[in-house]
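User: I'm new to this one and would like a close look at a single part of it. Could you walk me through it in plain words?

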Amino acid sequence: MEQVAILTHEERVHFDPDRLTELYAELGELAAETVVCRALEELSIKLRRIEAAFWSRDIKTVHDNASGLIEVAEQIGMHSLARVASDVAGCVASGDVVALGGTLARLLRVGDQSLSTIWDEQSNAF
C-alpha cells in the first residue's frame, strides 16, 4: 500500500498594526473603520477576480487586479499581501504561466490569512 503525504502550506503574513493605528488617529474611529471595511471588501473581491480570471485565461484582468490589490493592501498595512500581489503581476509581465500558477496559489493563501489577521486585529481593538 502506498502512502500519500498531504502537505499543508502555512504562510506567515506580515501585517503592520501600526498602520491601522495611524489610520484611526488620522481619520477618527468612524472614518477609519469605514476605510478598513471597504479595503477588506475590495481585497476580497480582487482576490476572487484574480482567481476567476486566471482560470478563464484572462491574464490582463489578473495583472490589473493584482496591481490594484497592491495599493489597497499597503493602505491598511498588509505588506505580505502586497508583496505577493507584486510577484503575481511580475509573473504576468514575464509571461511565465507556470510561475504564475504557483504564485497565484500563494497569493490566495496569503490573502485569506491576511484578511483573517486584520479582521481579528480590528475585532480585538474594541
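In which helix is serine 114 found? And what goes on around there?

Analyst: Happy to. Keep in mind that this is a predicted model. Serine 114 is found in helix H5, which covers 97-124. Is serine 114 buried or exposed? Serine 114 has a relative accessible area of 5%, and since anything under 20% counts as buried, that makes serine 114 a buried residue.

Now slide over to the loop between helix H4 (79-94) and helix H5, where you'll find aspartate 96. Aspartate 96 counts as partly exposed because its relative accessibility comes to 37%, between the cut-offs of 20% and 50%. Its side chain reaches the backbone nitrogen of alanine 99 at 3.0 Å.

For a bit of context, here is how another pair of helices meets. The axes of H1 (residues 17-27) and H2 (residues 29-55) come within 7 Å, crossing at roughly 135°. That angle makes H1 oblique to H2, and the crossing is right-handed. On the H1 side, Leu20, Leu23, Tyr24 and Leu27 do the meeting, while H2 brings Glu29, Ala31, Ala32, Glu33, Val35 and Val36. Sorted by class, that contact has eight nonpolar residues, two charged ones and no polar ones.

Definitions and conventions. Residues numbered from 1 in each chain as written. Predicted model: local features only at pLDDT ≥ 70, side-chain atom pairs only at ≥ 80, totals over all residues. Heavy atoms only, no water. Axes fitted to C-alpha atoms, helices over the stretch in contact; angles between N-to-C directions. Helix = DSSP H or I, 4+ residues; strand = E, 2+ residues; numbered from the N terminus. Parallel < 35°, antiparallel > 145°, perpendicular 65-115°, else oblique. Left-handed = near helix turned anticlockwise from the far one by under 90°. Contact = heavy atoms within 4.5 Å. Nonpolar A, V, L, I, M, F, W, Y, C, P; charged D, E, K, R; others polar. Buried < 20%, exposed > 50% of the residue type's maximum accessible area, 1.4 Å probe, protein only. Polar contact = N/O pair within 3.5 Å; in protein donor to acceptor, adjacent residues only side chain to side chain.
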